Amino acid sequence: MDLTRGRPSFAFFIRHYWTGRILFVNALIFLMMALDSGSILMPTQEVILDYGAKDSLRLIGGEWWRLITPVFVHIGLIHFLFNSYAIYILGLQLEPVVGAKYLIPIYFFSGFCGNVASALFTIGISAGASSSIFGMLGCGLVLE
């Protein structure tokens, strides 16, 4: 795919970019959450926790997987749409430059670090790919 002629189609992006595959997984999980909660605008807190949101009390109880899974869980439609758009724009620009070999570890490591910081400094529930997005932005800043 020659990127000098414009952006690839969304279908091409999903099939051939790892960030596109992350978007697909995010969308799939969001749709499953919407079906389970009965609301596409705002899933219930119970559903958000069931799908892996960060909850400091559950982390203390040994559910360490909650340091990674929140990057796939979004709290509401607006949250999902804004994060998905950011992942799409940043992935479209960064992945051809650094490759999935570096971008995917940056994405997950940033998400993990953001969830660790959230667990250390807040007690509440949190979810979303914002810390991963900031990691992608940091990668872009370093390259710039």
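This is a predicted model: local features need pLDDT of at least 70, side-chain atom pairs count only at pLDDT 80 or more; totals for chains, interfaces and linings use all residues.

How does the radius of gyration fit a compact globule? For 144 residues, such a globule would have a radius near 15 Å, and the chain's 16 Å agrees with that. The table gathers some values for the chain as a whole.

| Property of the chain | Value |
|---|---|
| Box filled by the C-alpha atoms, along the principal axes | roughly 50 × 35 × 20 Å |
| Residues that count as buried | 42% of 144 residues |
| Accessible surface | about 8,100 Å² |
| Part of that surface belonging to carbon and sulfur atoms | 71% |
| Distance between the mean positions of the 8 positive and 8 negative charges | 8 Å |

Now for the inside. In soluble globular proteins, nonpolar side chains tend to be buried together. Here, the largest nonpolar core has 30 residues, and Phe13, Leu23, Met33, Ile87, Tyr88, Tyr107 and Met136 have the most contacts inside it. Two or more residues each come from helix 1 (10-16), helix 2 (18-37), helix 3 (45-50), helix 5 (77-98), helix 6 (100-121) and helix 7 (130-143). Helix 5 contributes the most, with seven residues.

Which residues does Ile87 touch, leaving aside those up to four places away in sequence? Its partners are Thr19, Leu23, Asn26, Leu92, Tyr107, Ala129, Ile133 and Met136.

Notes:
Residues are numbered from 1 along each chain as its sequence is written. Side-chain values use heavy atoms; hydrogens and water are left out. The radius of gyration is taken over C-alpha atoms; the globule rule is 2.2 Å times the number of residues to the power 0.38. Buried means under 20% relative accessible area, exposed over 50%, partly exposed in between (1.4 Å probe, protein chains only). Accessible areas come from the Shrake-Rupley method with a 1.4 Å probe; for residues, only the protein chains shown count as cover. Lys and Arg count as positive and Asp and Glu as negative; His and the chain ends are not counted. The place of a charge is taken as NZ of Lys, CZ of Arg, CG of Asp or CD of Glu. A nonpolar core is a set of buried Ala, Val, Leu, Ile, Met, Phe, Trp, Tyr and Cys residues joined through side-chain atoms within 4.5 Å. Helices (H or I, at least four residues) and strands (E, at least two) are DSSP runs, numbered from the N terminus. Contact means heavy atoms within 4.5 Å.
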